[in-house]
Amino acid sequence: MATQVNPTRMELTRLKKRLVTAVRGHKLLKDKRDEMVRQFMLHIRRNHTLRIEVEKALQGVSTRFAMAKAQMGALRVSEALLYPARAAVYEVGMHNVMSVDVPTIRFSGDEDADTEIPYAFTFTSSSLDNAVVELSALLPKLLELAEVEKTCNLLADEIEKTRRRVNALEYVMIPEMQTNIKFITMKLAENERTATVRLMKAKDIMAKQEAAAQAARAAKQAG
């Protein structure tokens with residue numbers, strides 16, 4: 001159903017221009033949504049791979065820590081780990097993905113450097129040593145996983161916003177403008193037909209009046 005619009009040619013021209021803009025914007029938003037979905041799927045796959053790797057590694061580290069606690073006791077493990085084995089040196093930046101600012105987290109240390117054990121080996125077990133080394137080596141992967149997961153969350157939010165805009169244009173705004181254009185076109189055509197009928201009637205009345213006047217003049221001349 002058409003909304004309240006003025007059935008004028010100026011309004012019809014304005015609506016047609018808006019419709020062209022809306023159709024172009026709808027296409028651009030659909031292309032943007034499709035590309036964001038593609039980027040989202042790539043990051044989701046990467047996130048899935050990283051999470052499996054990290055969880056598997058963390059499971060092994062947790063097992064080693066549990067063995068170390070069983071061999072040394074929880075208190076001695078806590079005392080040995082008071083000083084960190086490796087500094088979490090990283091750089092945080094921003095990256096644009098389809099007009100979405102996503103974070104970039106990069107480990108800025110030397111990934112190939114050997115991890116220094118922060119405690120003496122006198123009263124510690126090999127399980128704790130291995131756990132510390134493995135967990136330290138896992139730090140770059142953890143940072144990358146955090147980056148990818150945050151990127152997925154931001155892309156998912158933007159995809160949802162874009163999807164709503166696309167649906168609003170496709171199912172509300174564009175059909176409404178098309179209905180209004182059709183209504184104004186029919187109204188203008190109806191007004192033109194009415195004006196034509198009035199003109200024809202006016203011409204017919206004028207013709208009859210002219211014929212009557214000519215007949216009156218002819219009768220007067222004959223009399």
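Reader: Why is N47 said to count as buried?

Author: Its relative accessibility is 13%, and buried means under 20% relative accessible area (exposed is over 50%, partly exposed in between, with a 1.4 Å probe and protein chains only). So N47, at 13%, counts as buried. Bear in mind that this is a predicted model, where local features need pLDDT of at least 70 and side-chain atom pairs count only at pLDDT 80 or more, while totals for chains, interfaces and linings use all residues. Residues are numbered from 1 along each chain as its sequence is written, and side-chain values use heavy atoms, with hydrogens and water left out.

Reader: How do you know which residues N47 touches?

Author: Contact means heavy atoms within 4.5 Å. Leaving aside residues up to four places away in sequence, N47 touches L145, V148, E149 and C152. N47 itself sits in helix α1, which spans residues 9–72. Helices here are DSSP runs of H or I with at least four residues, strands are runs of E with at least two, and both are numbered from the N terminus.

Reader: What makes α1 and α4 parallel or antiparallel to each other?

Author: Look at the angle: α1 and helix α4 (residues 139–222) pack at about 160°, with axes 6 Å apart. The axes are lines fitted to C-alpha atoms, for helices over the stretch in contact, and angles run from 0 to 180 degrees between N-to-C directions. Under 35 degrees is roughly parallel, over 145 roughly antiparallel, 65 to 115 roughly perpendicular, and the rest oblique. The pair is therefore roughly antiparallel.

Reader: And which hand does the crossing of α1 and α4 have?

Author: That crossing is left-handed, a label used if the near helix is turned anticlockwise from the far one by less than a right angle, with clockwise giving right-handed.

Reader: What about α1 and α3, at what angle do their axes cross?

Author: The axes of α1 and α3 (residues 126–137) cross at roughly 150° and come within 8 Å. That makes α1 roughly antiparallel to α3. The contact involves several residues of α1, including L58, F65 and M72, and several of α3, among them S127, N130 and L135. α1 passes α3 in a left-handed crossing too.

Reader: Is L188 buried or exposed, and why?

Author: L188 has 11% relative accessibility, so it counts as buried. This residue belongs to helix α4, and L188 touches P7, T8, R9 and L12, residues up to four places away in sequence not counted. L188 and T8 are 180 residues apart in sequence, yet 7.2 Å apart in space, C-alpha to C-alpha.

Reader: What does R9 touch?

Author: R9, which lies in α1, touches L188 and E192, again without residues up to four places away in sequence. R9 and I184 are 175 residues apart in sequence and 8.0 Å apart in space, C-alpha to C-alpha.

Reader: How do you know that strands β1 and β2 pair?

Author: Two strands pair if DSSP finds at least two bridges between them. β1 (residues 90–97) and β2 have 8 bridges, in the antiparallel sense. V97 has V100 as its bridge partner in β2, and H95 stands opposite V102.

Reader: Why is β2 described as largely enclosed?

Author: Of the 8 residues in β2 (residues 100–107), 6 are buried, so the strand is largely enclosed by the rest of the structure.

Technical notes: pLDDT = per-residue confidence, 0-100.
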